[in-house]
Amino acid sequence: MTVRHRPKVRRWREETSQGEAWCYTVRCSCEAEFDEHYTKRLAENDKAKHLIEVAPPHSERCRDPRKHRCQSWDRCPVCADQLTLPGFESLEVAG
Ligand SMILES: [Zn+2]
Ligand SMILES: [Zn+2]
């Protein structure tokens, strides 16, 4: 099964010893765990790192994300299968 990653930075107010502060963290559709940060930049860093970690090999990434309704870090079945030898399609049955 293909896991889609759609990480988003979330923020909320939190009471700290310095008073109220914004907290930021990343939530992804894959339910990976992310650290909490006090700056958005660090959360954005986590998000970028996550996308690098989860990205498939270049040959399996989408080369036409808009047409295939993928994100550039998704494994695109359409594009990946272009490199698959005939006869291997049966291995791709979703389940
Ligand atoms: Zn993810
Ligand atoms: Zn594609």
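**A buried histidine and its zinc site**

A: Let's begin with His5, which is buried, having a relative accessible area of 11% (buried means under 20%, exposed over 50%, partly exposed in between, with a 1.4 Å probe and protein chains only). This is a predicted model, where local features need pLDDT of at least 70, side-chain atom pairs count only at pLDDT 80 or more, and totals for chains, interfaces and linings use all residues. Residues are numbered from 1 along each chain as its sequence is written, chains are lettered from A and ligands numbered from 1 in the order in which they are written, and side-chain values use heavy atoms, leaving out hydrogens and water.

Q: Which protein donors does the zinc ion (ligand 1) have?
A: They are His5 (ND1), Cys28 (SG), Cys30 (SG) and His50 (NE2), at 1.9 to 2.3 Å from the ion. Donors are N, O and S atoms within 2.8 Å of the metal (3.2 Å for Na, K and Ca); water is not among the atoms, so sites may look incomplete.

Q: And how are those donor residues spaced in sequence?
A: The pattern is H-x22-C-x1-C-x19-H. His5 sits in the segment before strand 1 (8-16) and Cys30 in the loop between strand 2 (19-27) and helix 1 (40-54), so this pair ties together parts that are 25 residues apart in sequence.

Q: Is Cys30 buried, exposed or partly exposed, and what is its relative accessible area?
A: Cys30 is partly exposed, at 26%.

Q: New topic: what order do the elements of the chain come in?
A: From the N terminus they go β-β-α-α-α, giving three helices and two strands. Helices (H or I, at least four residues) and strands (E, at least two) are DSSP runs, numbered from the N terminus.

Q: Which residues of helix 1 are buried?
A: Ala43, Asp46, His50 and Leu51. They cover an arc of only 135 degrees around the axis, which puts them on the same side of helix 1; the arc is that of the directions from the helix axis to the C-beta atoms.

Q: What do those buried residues pack against?
A: Strand 1 and strand 2, judged by contacts, meaning heavy atoms within 4.5 Å.

Q: Which residues are exposed on the other side of helix 1?
A: Arg41 and Ile52 are exposed there.

Q: Last one: how much of the chain is buried?
A: Buried residues make up 25% of the 95 residues.
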